[in-house]
Amino acid sequence: MNIILNGLYQFILYIGVFILIFYVSEKTARKKWNIVRRPEAEEVNSLHKWGKRILWIIFFVNVVFFPSGIKNVLIIMVIFLFNACMQWKSGEKEYIITLLGLVIFIVFITLGYTLHIFSE
């Protein structure tokens, strides 16, 4: 029981540290490049809206019927990249924050598996 709680505390601390890292880096990037915050749910056009919906449906179907950690991570990366590409094409600077989130997500997953935080 103590081992499980110890692992849970380690996992919560790990997530908390990465949320803090993303928050600080997002604030810094927004100040440095004068990026105005926009609602996350706002899509650039209908292709963006339907593309995100289809990609999220693919992700959830994959999670439910074909559970595989690496495939799920790759699908989330594709969602991030699609979102950043559509933001970039529309002339928004928000794509910088999206790419920053992708980099932090990659580091989060890589370190989590390297340090065996996600393993049992």
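Colleague: What covers the buried residues of H3?
Modeller: The cover includes H2 and H4. Bear in mind that this is a predicted model.

Colleague: Which residues of H3 are buried?
Modeller: Asn72, Val73, Ile75, Ile76, Met77, Ile79, Asn83, Ala84, Met86 and Gln87.

Colleague: And how far does H3 reach from its first C-alpha to its last?
Modeller: H3 runs over residues 69-89, which is 21 residues, and reaches 30 Å. That is close to the 30 Å expected at 1.5 Å a residue.

Colleague: What comes just after H3?
Modeller: Gly91, with a positive phi of about 90°.

Colleague: Back to H2. Which residues does Asn62 touch, leaving out those up to four places away in sequence?
Modeller: Asn62 is in H2, residues 46-65, and touches Pro67, Ser68, Lys71, Asn72 and Ile75. Asn72 and Ile75 are also among the buried residues of H3.

Colleague: Is Asn62 itself buried or exposed?
Modeller: Asn62 counts as buried, because its relative accessibility is 7% and the cut-off for buried is under 20%.

Colleague: Now H4. Which of its residues are buried?
Modeller: Glu94, Ile97, Thr98, Gly101, Leu102, Ile104, Phe105, Phe108, Ile109 and Gly112. The helix covers residues 94-114 and has 21 residues. H4 reaches 30 Å from first C-alpha to last, close to the 30 Å expected.

Colleague: What follows H4?
Modeller: His116, whose phi is positive, near 60°.

Colleague: Changing topic: how many aromatic pairs are there?
Modeller: The count is seven. In one of them, Tyr14 and Phe108 have ring centres 5.0 Å apart and planes at 25°, so that pair is stacked.

Colleague: Where do those two residues sit?
Modeller: Tyr14 is in H1, residues 2-33, and Phe108 is in H4, so the pair ties together parts 94 residues apart in sequence. Both Tyr14 and Phe108 are buried.

Colleague: Which residues make up the ring cluster that includes them?
Modeller: Tyr14, Phe18 and Phe108, linked by ring pairs.

Colleague: And what kind of pair do Trp56 and Phe59 form?
Modeller: An edge-to-face one: 5.5 Å centre to centre, with 90° between the planes. Trp56 and Phe59 are three residues apart in H2, which means about one helical turn separates them.

Colleague: Why would residues with that spacing point the same way?
Modeller: An α-helix has 3.6 residues a turn, so residues three or four places apart point the same way.

Colleague: Which residue lies over the face of Trp50?
Modeller: Arg53, at 4.7 Å from the ring centre.

Colleague: Salt bridges next. How many in the whole structure?
Modeller: The search finds four. One of them joins the side chains of Glu26 and Arg37, at 3.0 Å from N to O. Glu26 is in H1 and Arg37 is in the loop between H1 and H2, so the bridge ties together parts 11 residues apart in sequence.

Colleague: Is Glu26 buried or exposed?
Modeller: Glu26 is buried, at 8% relative accessibility.

Colleague: What does Glu94 pair with?
Modeller: Arg30, with the closest N and O atoms 2.9 Å apart. This pair links distant parts of the chain, since Glu94 is in H4 and Arg30 in H1, 64 residues apart. Glu94 has a relative accessible area of 3% and is buried. Arg30 is buried as well, at 11%.

Colleague: Which residues form the salt-bridge network?
Modeller: Glu26, Arg30, Arg37 and Glu94 are linked in it.

Terms used. Residues are numbered from 1 along each chain as its sequence is written. This is a predicted model: local features need pLDDT of at least 70, side-chain atom pairs count only at pLDDT 80 or more; totals for chains, interfaces and linings use all residues. Side-chain values use heavy atoms; hydrogens and water are left out. Helices (H or I, at least four residues) and strands (E, at least two) are DSSP runs, numbered from the N terminus. Buried means under 20% relative accessible area, exposed over 50%, partly exposed in between (1.4 Å probe, protein chains only). Contact means heavy atoms within 4.5 Å. The expected span of a helix is 1.5 Å times one less than its number of residues. Rings of Phe, Tyr and Trp (its six-membered ring) pair if their centres lie within 6.5 Å; planes under 30 degrees apart count as stacked, over 60 as edge-to-face and the rest as tilted. A charge sits over a ring if NZ of Lys or CZ of Arg is within 6 Å of the ring centre and within 35 degrees of the ring normal.
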